[in-house]
Amino acid sequence: TPESIVARYEFARDVLEVGGEIARARDEHGQVIAEAQRLGDRNSEALGWLGLGRVRWATGELDEAEGCLAQAISIARGARNRWTESRVLAHLALVHRGRGRVADSLAAFEAALHIGVDIGIRDDSTVFGGIVHHFAADGRVDEALALYEQAMDLRRDG
């Protein structure tokens, strides 16, 4: 079901990735994509590609990460899922940053933040929600991106 696919995605993201079980997380995200495609669930498929992109970024596979995130953003936009699009753009910013493409990184992160503000993401219980809240208060993209990168590095190195 769509709910079980999302549960698999959340397990990979919140348990396996955080626990450093990157190979298992990668496999789970692959399963998310396969199951979502079988059901025709484009929203969940975009999450699977986002997860794969995040895992590839965490292991320094920036080409693969960018490819996965490009797939995720295309699907999210096609499904008009701005919530997922915002997260994909935020992770794409980290990939650009890892490649030294500062202007691209800031542009992607600014787009992610603006979507977050537009759709009302201001939940301080998540890293991205907290960053959107911070950005809405002071409007500095560079500072918001630095905070996000630091938080994601801590999570990755966890």
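My entries on helix packing and salt bridges follow.

**Ground rules.** I am working from a predicted model, where local features need pLDDT of at least 70, side-chain atom pairs count only at pLDDT 80 or more, and totals for chains, interfaces and linings use all residues. Residues are numbered from 1 along each chain as its sequence is written, and side-chain values use heavy atoms, with hydrogens and water left out.

**Entry 1: salt bridges.** I searched the whole structure and found 16 salt bridges (a side-chain nitrogen of Lys or Arg within 4 Å of a carboxyl oxygen of Asp or Glu).

**Entry 2: glutamate 28.** I looked up its partner and found arginine 8, with the closest N and O atoms 2.6 Å apart. Glutamate 28 sits in helix α2 (residues 22-39) and arginine 8 in helix α1 (residues 2-17), 20 residues apart. Helices here are DSSP runs (H or I, at least four residues), numbered from the N terminus. I checked burial next (buried is under 20% relative accessible area, exposed over 50%, partly exposed in between, with a 1.4 Å probe and protein chains only). Glutamate 28 is buried at 17%, and arginine 8 is partly exposed at 25%.

**Entry 3: glutamate 17.** I found glutamate 17 in a salt bridge with arginine 54, the closest N and O atoms being 2.7 Å apart. Glutamate 17 is in α1 and arginine 54 in α3, so the pair ties together parts 37 residues apart in sequence. Both residues are buried.

**Entry 4: aspartate 104.** I found aspartate 104 bridged to arginine 101, the closest N and O atoms being 3.2 Å apart. Salt bridges that share partners join Asp63, Glu66, Arg99, Arg101 and Asp104 into one network.

Key. Helices (H or I, at least four residues) and strands (E, at least two) are DSSP runs, numbered from the N terminus.
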